[in-house]
Amino acid sequence: MLKKIFFVILSFCLFQSTQAKEIIYVGDSLAVAMRQSNPNNEVVRYLNSEEEVAVGGKNPKWIYERLINTLSFYPNLFKGKLVILSSGYSNDPDGKFIDYHEKIIKTLLQAGAEIRMLGLANNFYINNKWGTHYYDEYRYLFLKFLANKYNLFIYPEFEGYDKVHMNKKDIELINYGTN
């Protein structure tokens, strides 16, 4: 409970810094869901098919490669934008693309983006029909480590309605801090 109160207060404080920024969602299905649920769609940057870097089911390697390809055609796309990032960790079953999380962050920062990272569902268990089909308590800690290393904001772990994706309450809390 205290964690959620802290999150709401922190989200409110972040509200001021993001009001005028255009938002681009990067990553897997978590980023897609956040984009689709954004209550202030007028600030969301809808990318064309060549630019799109938020696609469900994609792992960190795919996201990184798509990001590099997109930047080769649109080098200023992310400059001065707020990027909500879900780095595809839920779609990397054995962690073989773990190095790509940091590559994604470095690439977005070099492109001039402000990044906010989405966490992971805190009830992501082995009986899950989505994503990696296994839970590793250290995955969120790894993402949190990267967020701290690059001085980024990371949203707390959330309650997944299907043990992967955010429920309506989670999305509202995150959107409150984004818009």
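Helix 3 and helix 4 are roughly parallel to each other, because the angle between them is about 25 degrees and angles under 35 degrees count as roughly parallel. I start with this pair and then move to the rest of the chain. Please keep in mind that this is a predicted model.

Helix 3 covers residues 60-73, and helix 4 covers residues 99-110. Their axes are 8 Å apart. Helix 3 passes helix 4 in a left-handed crossing.

Which residues in helix 3 meet helix 4? They are Pro 60, Lys 61, Ile 63, Tyr 64, Leu 67, Ile 68 and Leu 71. On the side of helix 4, the residues are Tyr 100, His 101, Lys 103, Ile 104, Thr 107 and Leu 108. Sorted by class, this contact has nine nonpolar, two polar and two charged residues.

One residue from that list deserves a moment. His 101 lies in helix 4. Is His 101 buried or exposed? His 101 counts as buried, because its relative accessibility is 1%, and buried means under 20%. Leaving out residues up to four places away in sequence, His 101 touches Pro 60, Ser 87, Tyr 89, Phe 142, Leu 143 and Leu 146. His 101 and Tyr 64 are 37 residues apart in sequence, and their C-alpha atoms are 8.0 Å apart in space.

Now the whole chain. The protein chain has six helices and four strands. Along the sequence the pattern reads α-β-α-α-β-α-β-α-β-α. The chain has 179 residues, of which 51% count as buried. Take the contacts with a separation of 6 or more: residues 24 or more positions apart account for 72% of them.

Next, the interior. In soluble globular proteins, nonpolar side chains tend to be buried together. In this model, the largest nonpolar core has 29 residues. Which residues have the most contacts inside this core? They are Val 26, Phe 78, Val 83, Leu 85, Ile 105, Leu 108 and Met 117. The elements that give two or more residues to the core are strand 1 (23-27), helix 3, strand 2 (82-86), helix 4, strand 3 (114-117) and helix 5. Another core, of 15 residues, lies apart from it, and includes Ile 23, Met 34, Leu 118 and Tyr 155.

Let us look at Val 83, from the 29-residue core. Val 83 is placed in strand 2. Its relative accessibility is 0%, so Val 83 counts as buried. What is Val 83 in contact with, leaving aside its neighbours within four places in sequence? The list is Ile 24, Val 26, Phe 78, Leu 108, Ala 113, Glu 114, Ile 115 and Arg 116. Between Val 83 and Gly 27 there are 9.9 Å in space, C-alpha to C-alpha, with the two 56 residues apart in sequence.

Arg 116, one of the contacts of Val 83, is found in strand 3. Arg 116 counts as buried, because its relative accessibility is 2%. The C-alpha atoms of Arg 116 and Ile 84 are separated by 5.0 Å, and these residues are 32 residues apart along the chain.

Where is the place of Asn 151? Asn 151 sits in the loop between helix 5 (137-149) and strand 4 (153-154). Its phi is near 55 degrees, a positive value in a residue other than glycine. Asn 151 counts as exposed, because its relative accessibility is 72% and exposed means over 50%.

His 101, Val 83 and Arg 116 count as buried, whereas Asn 151 counts as exposed. That is the end of my talk.

Conventions:
Residues are numbered from 1 along each chain as its sequence is written. This is a predicted model: local features need pLDDT of at least 70, side-chain atom pairs count only at pLDDT 80 or more; totals for chains, interfaces and linings use all residues. Side-chain values use heavy atoms; hydrogens and water are left out. Axes are lines fitted to C-alpha atoms, for helices over the stretch in contact, and angles run from 0 to 180 degrees between N-to-C directions. Angles under 35 degrees count as roughly parallel, over 145 as roughly antiparallel, 65 to 115 as roughly perpendicular and the rest as oblique. A crossing is left-handed if the near helix is turned anticlockwise from the far one by less than a right angle, and right-handed if clockwise. Contact means heavy atoms within 4.5 Å. Ala, Val, Leu, Ile, Met, Phe, Trp, Tyr, Cys and Pro count as nonpolar, Asp, Glu, Lys and Arg as charged, and the others, Gly among them, as polar. Buried means under 20% relative accessible area, exposed over 50%, partly exposed in between (1.4 Å probe, protein chains only). A nonpolar core is a set of buried Ala, Val, Leu, Ile, Met, Phe, Trp, Tyr and Cys residues joined through side-chain atoms within 4.5 Å.
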